Structure formats: structure tokens, C-alpha cells
There are 2 protein chains.
Amino acid sequence: MVETAPTAKRGTARERLLRAAEELFYCEGINTTGVEAIAARAGVTKATLYNNFRSKDQLVAEYLRGKLEKSRAAAHEYDDPHAPASARVAALFEDVERTIEQGDFHGCPFTKAAVEVPGNADAMAVVREHYADIVGHLTAVTGDAASADTIAMIYDGAMIAAKASGDAAPIARAKTAAVGLLDPR
Amino acid sequence: MVETAPTAKRGTARERLLRAAEELFYCEGINTTGVEAIAARAGVTKATLYNNFRSKDQLVAEYLRGKLEKSRAAAHEYDDPHAPASARVAALFEDVERTIEQGDFHGCPFTKAAVEVPGNADAMAVVREHYADIVGHLTAVTGDAASADTIAMIYDGAMIAAKASGDAAPIARAKTAAVGLLDPR
DNA sequence: TGGTAAACATACCGGTCGGTATAGTGGCAG
DNA sequence: CTGCCACTATACCGACCGGTATGTTTACCA
């Protein structure tokens, strides 16, 4: 509908396409975003999009992989391996809180993809990879796989609640609950 | 695509449309199901659909309301107000486990709707109503609003994990974790 | 029996979808 | 200078989208 000003024209066509795809898929939804809109936002034609990606499905999978790498990079930044477990668990939630405060939170991209394109096998593989990431990280932090699994579920549930209510409060409550799970005593 | 055998022709056109909408919206997705397919499955024409519903958006909202009422009815069935809190919390998860065993689990319809049609205000209102239901029920059961909130998040997170992994195991783990939250001692 | 309302079948509307084809253009490397 | 390749622009494909308009048939009820 709205032509949406193209993002900065830096980088190769491929990079711009992936950046445009991320913005549109994440903010507007995957099924509701057409390839035409992505190409336009990248300042590129549809033909160029199909020169760089086999299909929309592949573009979706690569968008998700980019999100996965970004979340890994972010974890490296905010996680302090020398901090106590409670602080490290809290950091996971505080990262989401910061995102919400900045106003660019639109729910968990992996949960959304699992709902929107469950038939895209490549995309679903990335979704599972992300879940394994979170549980793995939390297992390393807490030293307890069962706690890690529970906290991961709280984490996902909190993001849904935050999205549905349009409020950051669920994240704060989830953080408290998750930290409370550690060393019940 | 596939013409899908029409469901039993019992009831009024409106009832059949809602039943068809539930099956298709829930199993195939909301945005990926066209009004034509719903009408066909109900054994009815598109004109009849629009005689009974103002728009697709309204049909979506009414489908969700139906799901809400069904989940309330189910809760009335499986919940025993005289049972101990742990059993009542467990019952919530065991209901999901039964659904998965029967093979007709496709994720939480409310979470899915929040992702697929966040712009449908009527639908989103039902989503929030459902969340309030769950938290309210759990608050009554546990006598503790904070625990109720945490368990609700575990509940939602577990359904995502179950959907993404195609496995009922996350629900069982979530049940254990939720029950473990009660009277930590 | 006659009237009414609902559901019928069909066709159409403008728009968008993912994807392809064709032809031309610019810059860079040999 | 030339050949090549990524890119451009544009137009098209068949399919489907949500929604509307038409006239006909069916069934029930006064």
C-alpha cells in the first residue's frame, strides 16, 4: 500500500534485500508481505530478487537465519560468563525489555514464523535451532537442563503475552519468575 | 486446492460455516484459508456466507469466540474443584496431552490468531479474554496471582514448543515444572 | 395456496499473489 | 575496445483474494 521509503542503499543488492525482508517480514508479517514490496523497499526490482534467491520460501529461511545470528551476537554482548546465574538469566529478559522500550518489538520472530509458515521446512529448522540455542545457553548458565527448559518456556510465553497485551510488564514478571526458579534453596 | 469433503450437513448454514471455519482456520491457518474454501467445506455458497457474516474478519472473531467457549466448557469438564491444586494444575496440561494424542493439535488457536491477524481488533479482544481466563482459573486454583501468571506463561510456551517440535513431550515437562511451582515447600 | 425469505448457482469486480520472460543498460575486467 | 554480468524496466502469466450483484430455486408458514 504505502510505498515505504527505501532503506539506506548501502551494500549489495542481496544485503539490501535481506535487510528489507527483515524489516517487512518481522514488522508486517511473512504471509502479508509480498515479494514486490520487499524488492521495492530494497530499491531493487523483482527480477533482481529472484536472481539472488530461489523463491520467497528461501528468502524467508535466510531472513530467519539472519535473526538467529543476530540473537547469537546479542547474547555474546549482554551475557557476562563471570556473573552469577541469576544475573545471567535476568540479562536474557532485560534484553527483550530494552527492545520493547525502543519500540521495535513485534514478538518473537521464530514463534511467528512457526505460526505463519509451518510448511517451510528450512524455516522450521531454523526455528528449532533457535530453541536449542536458548535451552543450551540456559543449561550452561543454570547447570540444570530441566530448569533451562522451563525458563525457555517462560521466555517464549512472556513474549507472546507482551505482544498480545502491547506491554512490557509480562517480561518483567517472567524475569522475576525465572530468577526465582534458581536454587529454590 | 483439494475440495475437501464437506463436513456433516447438520445444522443451519451458520453453524456449518462456523464449523468449517474452525476446522480450516485452526488446521490450515487464517490468512491462508480463503472464504471460498470455507463456504465450499460448509456445503454452502459464498453469498450465504456473506448473508451470515459481515466480513471475513467477523467470521474470524466468531471462530475465536467459539474456541473460547469450547475451552471454557472443557475446563468445566476436566477440572475438579475438590481436587488438590497440584492435580488441578496438572489437569490443564493433561487436556492438551489428550488433544495431541488424538492428533488434532495444531498449536494454541489464540496465539496463532495473535500472530496471524494482529490487526483484527475483535479477534485480539478474544485473545486477551482467553489469557485472562487462564490466569483467572489458575489464580483460583493456586490462590496466588504470581504463580498463576508464571504457569500461564509456561503453558503458552509449552504449546509453542510442542507445535514446533511436533511432539507432546514439552507439555509433559511443562506440567512437571508447573506443579513444581506450587508450595515450593 | 400464496407469499416470503433464505439459500441457491453463477458471474463478475479490482486487486494482489508468487514467479517468469524479454529487452535494454551500465560498469568493470580482460 | 569488447565481452560479460548484474542490474534495470516492464509486461505478462495463471491463480487466488475478499466482496458484490444477478436471477432462480427451495422450503416453510400463514
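I count a disulfide as a pair of cysteine sulfur atoms within 2.5 Å. By that test I found 0 disulfides over all chains.

**Ground rules.** This is a predicted model, where local features need pLDDT of at least 70, side-chain atom pairs count only at pLDDT 80 or more, and totals for chains, interfaces and linings use all residues. Residues are numbered from 1 along each chain as its sequence is written, chains are lettered from A and ligands numbered from 1 in the order in which they are written, and side-chain values use heavy atoms, with hydrogens and water left out.

**Cysteines.** I looked up A:Cys108. Its sulfur has its closest cysteine sulfur in A:Cys27, 14 Å away, which is too far for a bond. In chain B, the sulfur of B:Cys27 is the nearest to that of B:Cys108, again at 14 Å, and B:Cys108 is in no disulfide. I then checked burial (buried is under 20% relative accessible area, exposed over 50%, partly exposed in between; 1.4 Å probe, protein chains only). A:Cys108 is buried at 8%. B:Cys108 is buried at 7%.

**DNA strand C.** I took a residue as near the strand if one of its heavy atoms lies within 4 Å of it. There are 13 residues around DNA strand C, and A:Val35, A:Lys46, A:Tyr50, A:Lys56 and B:Thr48 come nearest.

Next I listed some N or O atoms facing phosphate oxygens of DNA strand C. A:Val35 places a backbone N or O atom 2.9 Å from one. For B:Thr45, a backbone N or O atom is at 3.3 Å. B:Thr48 uses a side-chain N or O atom, at 2.7 Å. Helix H3 (46–52) of chain A and helix H3 (46–52) of chain B are the elements giving two or more residues to this surface. I read helices as DSSP runs (H or I, at least four residues), numbered from the N terminus.

I also sorted the surface by class: 4 nonpolar, 7 polar and 2 charged residues. Here Ala, Val, Leu, Ile, Met, Phe, Trp, Tyr, Cys and Pro count as nonpolar, Asp, Glu, Lys and Arg as charged, and the others, Gly among them, as polar.

**B:Glu22.** B:Glu22 sits in helix H1 (residues 13–28) of chain B. I looked for polar contacts (N or O atoms within 3.5 Å; within protein, one able to donate a hydrogen and the other to accept it, and residues adjacent in sequence counting only if both atoms are side-chain atoms). The B:Glu22 side chain has one with the side chain of B:Lys67 at 3.2 Å. Another joins the side chains of B:Glu22 and B:Lys70 at 3.1 Å.

**Salt bridges.** My criterion was a side-chain nitrogen of Lys or Arg within 4 Å of a carboxyl oxygen of Asp or Glu.

I checked A:Glu129 with A:Arg72, a bridge of 3.4 Å, N to O. A:Glu129 is in helix H7 (residues 121–142) of chain A and A:Arg72 in helix H4 (residues 56–78) of chain A, so the pair ties together parts 57 residues apart in sequence. A:Glu129 is partly exposed at 27%, and A:Arg72 is partly exposed at 33%.

A:Lys175 bridges to A:Glu97, with closest N and O atoms 3.2 Å apart. Both residues, A:Lys175 and A:Glu97, are buried.

In chain B, B:Arg72 and B:Asp133 meet at 2.7 Å, N to O.
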